[in-house]
Amino acid sequence: MPQSSLRIDAKLPRVGTTIFTVMSRLAADCGAINLSQGFPDFQPDASLFAATLQAMHDGRNQYPPMAGVAELRAAISDKVAALYGVRYDSESEVTVTAGATQALFTAIAAFVRAGDEVVVFEPVYDSYMPAIETVGGKAVCATLRFPDYRPDWTQVRALLGPRTRMIIINSPHNPTGSVWSAEDLDCLAELTRATDIVVLADEVYEHIVFDGASHYSVCSRPELAARSLVVSSFGKTYHITGWKIGYVVGSAGLMNEFRKVHQFNVFTVNTPCQVGIAEYMRDASRHLGLAHFYEQKRNFFRTQLQASRFDLLPCAGTYFQLASYRRISDLPDIEFARWLTREAGVAAIPVSAFHHAGRDDGVVRFCFAKQDTTLAAAAERLRGL
Ligand SMILES: Cc1ncc(COP(=O)(O)O)c(C=O)c1O
């Protein structure tokens, strides 16, 4: 390729390769057990493959409608109604997306203008801030403070102003495994009342809440639901992160704006997988049983680590376990994560990667969406530290 004198004016000058890619690559190079990136190392249910293959044989191989195939939108509408008591119209209020990431990006692009402010909660999932900056918005950070990572509503109130266009929330929360309470939704409703703030609710781990607790979806609060786009991911729910299919629900007015961007962004999502998932969703036990499935994995992993020198933080939801390593090392968390991968043969994610200014509390994130044999092998190495 010839050298070019083109002056490239980067829109995201501070963005490089994400820590997830870096750690997964290092894990592969070192032959380490990879508990860094958030994906299962086990197969999804084969009947999902059968339903998807059947859709291909049935000729469902061409462009679906822009908002998604009708049967999947209907299944999503039914699921949300059954769980949260609100019926979104499958024609005008449900859209299938290319994973939650695209839903989030599209929602931000549809509503945030140059100079608008968007409140996010740190530690923050890595896609939000680059998406906000790409469209010229400004991320304003509220803090979920170590070690309990509860929102500080007094701080959030102080961050809101005339330029606040959107608040992005995420519960159950990646990376901390904390979940919001009913009172948190009360506070959010109170703070946004009499404003035009749009709430973008990232609920991709909606089915992974432990110890008999409930997931409080903004869908279940009419006042909040009216100003919210709510995002979920089949990748998380059915162990198919590589299929990149998710969805967004929201009132017709919000969805109309969302779809204006969606139709020129991805236009739509591959047909046979949508049909396969719609068929698979008929059995509600598949998503209702997910919390129990991951609760067993959480308990197994925590028990395995009991005799280690890691201090485990509470994990109320998601498939991530945070651990403080202060009794093992004084290294900054990025250095510790590299050391852990090279020396102990287990890859984890440093939580400072979820802070824009790199706040470091000496905590790493392990993903326990893994086979028990993988978790046991990793824990054995970790116990040796
Ligand atoms: C909080 C959160 N939001 C969104 C996503 C992206 O989901 P998807 O793979 O469906 O794009 C993830 C994936 O890790 C996540 O943890």
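1. The lining of the second largest pocket is made up of 9 nonpolar, 10 polar and 5 charged residues. The structure is a predicted model, and this applies to every point below. The second largest pocket holds about 480 Å³ of space. It is lined by 24 residues, and those closest to its centre are G38, T101, Y125, K236 and K244. Helices α4 (99-111) and α9 (234-237) each give at least two residues to this lining. The largest share, 4 residues, comes from α4.

2. The largest pocket has a volume of about 600 Å³. Its lining counts 20 residues, with R14, V15, D126, P130 and A353 nearest the centre. By class, these lining residues are 9 nonpolar, 8 polar and 3 charged. At least two lining residues come from each of α1 (19-30) and α5 (128-134). The largest share, 3 residues, belongs to α5.

3. R14, one of the residues nearest the centre of the largest pocket, also forms a salt bridge with E133, with 3.5 Å between the closest N and O atoms. This pair links distant parts of the chain: E133 is in helix α5, R14 is in the segment before α1, and 119 residues separate them. R14 is exposed, because its relative accessible area is 67% and the cut-off for exposed is over 50%. E133, at 25%, is partly exposed.

4. Across the whole structure, 17 salt bridges are found. In one of them, R87 pairs with D78, and the closest N and O atoms are 2.7 Å apart. R87 is exposed at 52% relative accessibility, while D78 is partly exposed at 42%.

5. R157 forms a salt bridge with E190, at 3.0 Å between the closest N and O atoms. R157 lies in helix α6 (residues 153-159) and E190 in helix α7 (residues 182-192), so the bridge ties together parts that are 33 residues apart in sequence. R157 has a relative accessible area of 47% and is partly exposed; E190 is also partly exposed, at 40%.

6. E122 sits in strand β3 (residues 117-122). Its side chain reaches the backbone nitrogen of H356 at 2.4 Å.

Conventions:
Residues numbered from 1 in each chain as written. Predicted model: local features only at pLDDT ≥ 70, side-chain atom pairs only at ≥ 80, totals over all residues. Heavy atoms only, no water. 1 Å grid on protein atoms, 1.4 Å probe; cavity = no way out; pocket = protein on both sides within 12 Å on 5 of 7 lines; lining within 4 Å. Points joined across faces, edges and corners; volume = space filled by probe spheres on them. Nonpolar A, V, L, I, M, F, W, Y, C, P; charged D, E, K, R; others polar. Polar contact = N/O pair within 3.5 Å; in protein donor to acceptor, adjacent residues only side chain to side chain. Salt bridge = Lys/Arg side-chain N within 4 Å of Asp/Glu carboxyl O. Buried < 20%, exposed > 50% of the residue type's maximum accessible area, 1.4 Å probe, protein only.
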